Amino acid sequence: MTRDGSSVTMPMSFMTGSIVGKRFYKEVTTRVADDGNGWTVMLDYRTLKTPSKRPLKCPTLSLAMAIAAEWEFQQTDGIRPFTMPLMRLTCTALERVPLTRAKIIEQLMKKFHQDLVFCRSPGDNDWTKGVLEKQVEKIDPLLEWVESEFGYRPVMYSSFFGGQQEDDFVKAIENVLKKMTNCELATVDAMAAAAHSLIIPLAIIRRRLQIEEAIELIRLEEDLQVDRWGLVEGGHDVDIADLQVQISSAAVFLGLSQT
């Protein structure tokens with residue numbers, strides 16, 4: 001972490017979650033950016049900067065205040081980036097997305113054919129039949145929404161290697177991503193990585209799914225296993241908590257960036 005008389009610059013390690021040093025500031029505040037466009041966060045009298053040494057300029061006061069709260073929460077023994085998801089998402093939206101939009105979209109579309117909601121259990125024994133029944137109950141309504149929203153019915157598959165969606169359907173989804181703002185694309189990218197799905201993040205930001213519903217779909221098969229075999233403490237419970245943080249923080253970030 002680099003400090004000078006007027007600013008504080010985060011190291012690149014901030015984006016990987018490593019502890020970046022002890023707390024050195026007493027007060028966290030927000031103020032209007034120097035150019036009057038957006039809001040910045042102040043650590044005492046120093047302006048907070050991103051790893052590329054640009055001022056952290058939030059599009060809304062709500063987001064700036066939420067990031068300020070993350071910094072206020074830090075303890076004296078160390079600044080822990082993994083407790084600041086809104087700060088990390090903002091850095092991603094400000095720096096990574098503008099420079100690598102095409103690559104981010106390419107990677108999202110590369111995994112699209114293996115989307116979690118397109119995969120169906122074969123239903124060829126008592127266990128997989130139960131999974132299939134739950135998928136039909138919980139996921140089919142989402143697929144109906146996809147057809148209504150985008151004009152194409154997804155192709156379902158049971159192969160581990162995935163299937164192949166219609167080219168026009170793929171292009172329609174790709175065009176949706178291309179039209180997104182930097183904050184929207186950062187949100188979808190973060191959610192998709194956690195969900196192993198692009199459809200689920202799209203359904204969240206278009207208000208088809210609530211966060212709790214999305215998490216239920218993401219964990220559908222694993223939760224059935226937990227119901228059958230029991231929860232492993234320090235394993236399943238940590239995974240659930242991590243997923244909740246990743247999906248919820250991305251949704252909160254997008255909401256705060258727009259209000």
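Helices (H or I, at least four residues) and strands (E, at least two) are DSSP runs, numbered from the N terminus. The structure described here is a predicted model, in which local features need pLDDT of at least 70 and side-chain atom pairs count only at pLDDT 80 or more, while totals for chains, interfaces and linings use all residues. Residues are numbered from 1 along each chain as its sequence is written, and side-chain values use heavy atoms, with hydrogens and water left out.

**Two loop residues and a strand residue**

Asp44 is placed in the loop between strand S4 (39-43) and strand S5 (46-49). Arg207 lies in the loop between H6 and H7. Buried means under 20% relative accessible area, exposed over 50%, and partly exposed in between (1.4 Å probe, protein chains only).

Asp44 counts as partly exposed because its relative accessibility is 27%. Arg207 has a relative accessible area of 71% and is therefore exposed.

Ser7 belongs to strand S2 (residues 7-9). With a relative accessibility of 4%, Ser7 counts as buried. Contact means heavy atoms within 4.5 Å. When neighbours within four places in sequence are left aside, Ser7 is in contact with Thr2, Arg46, Thr47 and Lys49.

**Helix H4**

The expected span of a helix is 1.5 Å times one less than its number of residues. Helix H4 (residues 167-178) has 12 residues and so should span 16 Å, which agrees with the 16 Å between its end C-alpha atoms. Which residues of H4 are buried? They are Phe169, Val170, Ala172, Ile173, Val176 and Leu177. These residues cover an arc of only 160° around the axis, and therefore lie on the same side of H4. The arc is that of the directions from the helix axis to the C-beta atoms. An α-helix has 3.6 residues a turn, so residues three or four places apart point the same way. On the other side of H4, Asp167 and Lys171 are exposed. The cover over the buried residues of H4 includes H2, H3, H5 and helix H6 (199-205).

Ala193 lies in helix H5. Its relative accessibility is 56%, so Ala193 counts as exposed. Ala193 and Leu108 are 85 residues apart in sequence, and their C-alpha atoms are 8.9 Å apart in space.

**Pockets**

On a 1 Å grid over the protein atoms alone, a pocket is an open set of points with protein on both sides within 12 Å along at least five of seven lines, where a 1.4 Å probe fits; lining residues have an atom within 4 Å of a point. Grid points are joined across faces, edges and corners, and a volume is the space filled by probe spheres set on the points.

The largest pocket has a volume of about 750 Å³. Among the 26 residues that line the largest pocket, Leu116, Cys119, His196, Ile218 and Glu221 are the closest to its centre. At least two lining residues of the largest pocket come from each of helix H3 (126-150), helix H5 (182-195), helix H7 (211-218), helix H8 (220-229) and helix H9 (236-257).

The second largest pocket has a volume of about 430 Å³. Of its 15 lining residues, Pro85, Arg88, Leu89, Ala190 and Gln246 are the closest to its centre. Helix H2 (85-110), H5 and H9 give two or more residues to the lining of the second largest pocket, and H2 gives the most, with 5 residues.
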